[in-house]
Amino acid sequence: MDSFITIRFKRKTAKRFQEFSKIHFKSHTEAMSTILDFFFYNEISPKEKLGPTGRTIEAKLLKRINAVIAIMRDVEKTQTKPTVAMIQSLFETEEPTKKPLIVEKKYAEEKKEVRFREKQNPSNQL
């Protein structure tokens, strides 16, 4: 069994470490070893900032996405819709209205309407 050594911490810091260690690790030794390995492996100092957090990155992305959406809407209003309307009007063909032919009266056939007709079925009697 390994021997232990005593390290002096302020009471507040020691309590924070014990709570953290209980949540994430089996023992305080394993917690401290993992923390030290993390800093050595990643070659970073615990005092330096790692950059923006996930929340700030998400907020910036949402702002940029909203800006892109606004640009796309503007392009659609000012460029796409008018262009589509112009192209559509070019391809729309209207059928020319048929005008009646102008024919001289002597060549025009007069249609005489028949006012009275004989019965087609002789069995029907009046």
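The aromatic pairs in this predicted model number 2, where rings of Phe, Tyr and Trp (its six-membered ring) pair if their centres lie within 6.5 Å, and planes under 30 degrees apart count as stacked, over 60 as edge-to-face and the rest as tilted. Phe20 and Phe25 form a tilted pair, because their ring centres are 6.2 Å apart and their planes stand at 55°. The rings of Phe38 and Phe39 are edge-to-face, because their planes stand at 75°, with centres 5.4 Å apart.

Residues are numbered from 1 along each chain as its sequence is written. Local features need pLDDT of at least 70, side-chain atom pairs count only at pLDDT 80 or more, totals for chains, interfaces and linings use all residues, and side-chain values use heavy atoms, with hydrogens and water left out.

How exposed are these rings' residues? Phe20 is partly exposed at 36% relative accessibility, as is Phe38 at 44% and Phe39 at 23% (buried means under 20% relative accessible area, exposed over 50%, partly exposed in between, with a 1.4 Å probe and protein chains only).

Glu43 is found in the loop between α2 (28–42) and α3; helices (H or I, at least four residues) are DSSP runs, numbered from the N terminus. Glu43 counts as exposed, at 70% relative accessibility. Its phi is near 50°, a positive value in a residue other than glycine. Most residues other than glycine have a negative phi.

Ile57 lies in helix α3 (residues 54–91). With a relative accessible area of 41%, Ile57 is partly exposed.

Terms used: Helix = DSSP H or I, 4+ residues; strand = E, 2+ residues; numbered from the N terminus.
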